[in-house]
Amino acid sequence: MSATYRIKDLLSDIFTLLKQPRFIRLCLLIRMKYRLLYKKKIRFPLRPLWVPPEMISTVVTGDVFPTSALVHPDRLIAGDWDINRREVKEAAAGDLRALQSGYIDIAETDIHQAITDHFLHLVPWKDTAFFERVMTQINSGKRKWRCQSEEHLLQRLTKLDTLYAQMEQDGYKSQRDMRTFRCWDEIRVAIGRDGRFHLFDGRHRLSLAKILGVKKVPVLVNFRHPSWEGDLSSLQILYEKP
């Protein structure tokens, strides 16, 4: 890993640490809302739920959710994003936010296909449709997957190789288990009106967990449809840490 990347990681950790009071204040407000409006007690909202990976088989598409809300749990978002199943004609779906609002199967995304091909069939990263798509976008001047060059992209993919090896050896650990300051940085989901889990963020970690046969993964609920009858309190009861 280059010195530039190490410095960026360090700065990111420092920035995250400085934001901890904001995270704590936000969670206290959510707990207060549940107590005053719903007459319910909930645990710390950024304590993850533990669910089987197979419960999350679809991912939300389109510009439905604000990316600035990554650390904001339990936000109500109305609309038809949870009932509009989109057909993907191409073999791989890449930029999900560029698609129409709705959801598709995770298995249709090019990152899931690349992870499956790379780790199960030993296909080099460079030979995957995902790598080709991202490099085409980078070469056109775009910053994709937080990368601006082939070198940066390969460095990120090397991190996936390392994460896979760690997960295979030690199992899937939450940010709390690893004692990091990034308690919000888990697989994040949205709950549809029928109670179904749809992936919002964390595609590569979820795909790794699926191909490794992990029994349960930690997830945070960022969004839920207001027509759903449940809430964060009921989810915490159902999916406590095993």
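Trainee: Which residues make the nonpolar surface patch of about 520 Å²?

Mentor: The patch is made by L29, M32, L36, L37 and Y38. The model is predicted: local features need pLDDT of at least 70, side-chain atom pairs count only at pLDDT 80 or more, and totals for chains, interfaces and linings use all residues. Residues are numbered from 1 along each chain as its sequence is written, and side-chain values use heavy atoms, with hydrogens and water left out.

Trainee: What makes a group of residues a patch?

Mentor: Each member has over 30% relative accessible area and no salt bridge; like charges are joined within 9 Å, and nonpolar side chains (Val, Leu, Ile, Met, Phe, Trp, Tyr) within 5 Å. A salt bridge would be a side-chain nitrogen of Lys or Arg within 4 Å of a carboxyl oxygen of Asp or Glu. The areas come from the Shrake-Rupley method with a 1.4 Å probe, and for residues only the protein chains shown count as cover.

Trainee: Why is L36 called exposed?

Mentor: Buried means under 20% relative accessible area, exposed over 50%, and partly exposed in between (1.4 Å probe, protein chains only). L36 has 53% relative accessibility and therefore counts as exposed. L36 belongs to helix α2, residues 20–38; helices (H or I, at least four residues) and strands (E, at least two) are DSSP runs, numbered from the N terminus.

Trainee: Is S207 buried or exposed, and how do you know that?

Mentor: S207 is buried, because its relative accessibility is 1%. S207 sits in helix α6, residues 203–212. Not counting residues up to four places away in sequence, S207 touches I106, H112 and I115, where contact means heavy atoms within 4.5 Å.

Trainee: Why is strand β5 called mostly covered?

Mentor: Five of the five residues in β5 (residues 187–191) are buried. I187, V189 and I191 point one way, R188 and A190 the other way, and all are buried. In a regular strand the side chains alternate between the two faces of the sheet.

Trainee: How do you know that β5 and β7 pair?

Mentor: Two strands pair if DSSP finds at least two bridges between them. β5 and β7 (residues 217–224) have five bridges in the parallel sense, and the partner of I187 in β7 is V219. β5 is also joined by four bridges to β6 (residues 197–201), running antiparallel; there A190 has H198 as its partner. β5 and β6 form a hairpin with five residues between them, and G195 in the turn has a positive phi of about 85 degrees.

Trainee: How many aromatic pairs does a search of the whole structure find?

Mentor: The search finds nine aromatic pairs. One of them is F119 with W125, which is edge-to-face, with 5.7 Å centre to centre and 85 degrees between the planes.

Trainee: What makes two rings a pair, and what makes a pair edge-to-face?

Mentor: Rings of Phe, Tyr and Trp (its six-membered ring) pair if their centres lie within 6.5 Å; planes under 30 degrees apart count as stacked, over 60 as edge-to-face, and the rest as tilted. F119 and W125, at 5.7 Å and 85 degrees, therefore qualify as edge-to-face. F119 is buried at 12% relative accessible area, and W125 is buried at 6%. F130 and W145 form another edge-to-face pair, at 5.2 Å centre to centre and 75 degrees between the planes. F130 lies in helix α4 (residues 129–139) and W145 in the loop between α4 and α5 (150–170), so this pair ties together parts that are 15 residues apart in sequence.

Trainee: Why is W145 called partly exposed?

Mentor: W145 is partly exposed because its relative accessible area is 24%. F130, at 2%, is buried.
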